[in-house]
Amino acid sequence: MAGIRDVAKRAGVSIATVSRVLNEDPTLSVTQETKNKINEAVEYFHYSKKKVPVKKAMNIAVVSTVSEEAELEDPYFRAIRRGIQAQAEQNKFRIKKTYYMSERPVAIEELKEYQGVLVIGQVLPTFLAKIAAVNPHIVVIDDPSLSSEWDAVYTDFSIAATEHLERLYKKGHRNIAFIGGYRVRLDVSSEKHQSPDDMRMNTYVYWMKEKGLEEYINVYLEGWNTLDGIKATEQLLEQCKESLPSAIMVANDSIAVGTYRSLQKRGYRIPEDISVVSFNNIEVAEFLTPSLSTVAIDMEELGKIALRMVEERIKGIRQVPVKIMVASKMIVRESEKERD
């Protein structure tokens with residue numbers, strides 16, 4: 001049976017030229033005479049090019065710990081999803097379904113229908129174990145506290161928090177307060193388990209003790225949005241009337257917007273009276289007055305890396321669990337100053 005080599009030899013051209021002509025490569029420039037020779041050779045040998053099977057897109061399920069509405073409104077989670085989607089399109093993966101845990105419990109058995117599962121946010125290890133029982137190809141995004149048995153991609157907030165604090169210390173700040181939210185993990189029933197051990201807060205408390213500043217430790221925890229920031233800052237201002245902090249480290253930019261509003265409503269100037277620093281570098285941070293010192297995190301890259309990691313699992317390229325830490329970048333703006 002004749003092959004493409006025979007066709008090329010009879011037509012007097014290379015095998016590559018035959019292949020490109022038969023596949024109608026738009027970038028190939030050959031004369032009509034050459035095409036005619038190739039077509040004549042194809043008919044002479046009754047050559048039929050082999051059909052290349054079309055690869056089916058691999059289906060991925062996403063399990064998100066926030067609601068669909070919250071994901072759309074929160075720049076942090078929105079960017080992670082953009083990264084997942086962009087990498088999925090590039091790698092011919094399809095995000096078949098998203099399970100929003102805050103809206104309803106995940107039907108675990110359904111997850112066996114997908115090639116892999118991406119979990120966005122923090123869940124209990126017992127929940128991950130239930131997923132692994134039906135689908136072992138799991139990657140968790142945004143939970144640095146997981147044990148080594150799980151694939152995870154995250155940002156190490158402790159490094160960024162320490163950098164914030166050291167910089168404030170060099171600028172003369174000692175009375176530094178912390179405003180943040182409770183760490184929330186979900187279980188298989190979508191029940192929330194709340195604990196006061198967020199990595200940024202833990203780093204703050206440890207650092208203050210290391211510097212001998214225990215007397216200035218003040219932690220205010222509410223939630224993770226702007227209204228929570230307003231509430232926590234109001235508590236701080238009420239309880240610290242006699243000794244206001246000279247600086248506040250806030251757990252994310254959304255909370256920081258609330259902190260700005262509360263301070264400025266009370267007549268306090270940023271940074272003349274109180275310096276404020278934060279995390280995430282969402283769009284609004286640069287346009288606050290004054291612009292907010294914060295930590296830039298490439299949320300889209302978190303999503304992209306997670307998709308590549310789950311592909312490695314699906315294709316058997318890697319069997320050993322890995323953790324990947326995506327570096328952050330400090331952005332110092334106008335919301336902090338040297339203490340007088």
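These are my notebook entries on a predicted model.

**Ground rules.** I number residues from 1 along each chain as its sequence is written, and side-chain values use heavy atoms, with hydrogens and water left out. Local features need pLDDT of at least 70, side-chain atom pairs count only at pLDDT 80 or more, and totals for chains, interfaces and linings use all residues.

**Entry: helix α1.** I looked up α1, residues 4-11. Helices here are DSSP runs of H or I with at least four residues, strands are runs of E with at least two, and both are numbered from the N terminus. The buried residues of α1 are V7, A8 and A11. Seen down the helix axis, they fall within an arc of 95 degrees, so they line one face of α1. That arc is taken from the directions from the helix axis to the C-beta atoms. I count a residue as buried under 20% relative accessible area, exposed over 50%, and partly exposed in between (1.4 Å probe, protein chains only). The face turned away from the buried side carries the exposed residues R5 and K9. Next I looked for the cover over the buried residues, and it includes α2 (15-22) and α3 (32-45). G12 follows α1, with a positive phi near 75 degrees.

**Entry: the largest pocket.** Rolling a probe the size of a water molecule over the atoms shows where empty space is left. A pocket is an open set of points on a 1 Å grid over the protein atoms alone, where a 1.4 Å probe fits, with protein on both sides within 12 Å along at least five of seven lines. The largest one has a volume of about 1,200 Å³. Volume is the space filled by probe spheres set on the points, which are joined across faces, edges and corners. The lining has 40 residues, and V66, D74, F77, W224 and N252 are the closest to the centre. A lining residue has an atom within 4 Å of a point. Among the elements that each supply at least two lining residues are α4 (68-73), β7 (183-186) and α9 (226-239). The lining divides into 14 nonpolar, 14 polar and 12 charged residues. Ala, Val, Leu, Ile, Met, Phe, Trp, Tyr, Cys and Pro count as nonpolar, Asp, Glu, Lys and Arg as charged, and the others, Gly among them, as polar.

**Entry: N175.** Is N175 buried or exposed? N175 is buried, at 10% relative accessible area. I found N175 in the loop between α7 (157-170) and β6 (176-181). Leaving out residues up to four places away in sequence, N175 touches Y216, S243, L244, P245, S246 and A247. Contact means heavy atoms within 4.5 Å. The N175 side chain reaches the backbone oxygen of L244 at 3.4 Å.

**Entry: T155.** T155 sits in the loop between β5 (151-154) and α7. T155 is buried too, with a relative accessible area of 2%. A polar atom of its side chain lies 3.5 Å from the backbone oxygen of V326.

Entry: Most residues other than glycine have a negative phi, and most peptide bonds are trans. I looked for exceptions. A cis bond joins I270 and P271, with omega about 5 degrees. Another cis bond joins T289 and P290, with omega about -5 degrees. H46 has a positive phi near 55 degrees, and H46 is exposed at 70%. D142 has a positive phi of about 85 degrees, but D142 is buried at 11%.

Technical notes: Polar contact = N/O pair within 3.5 Å; in protein donor to acceptor, adjacent residues only side chain to side chain.
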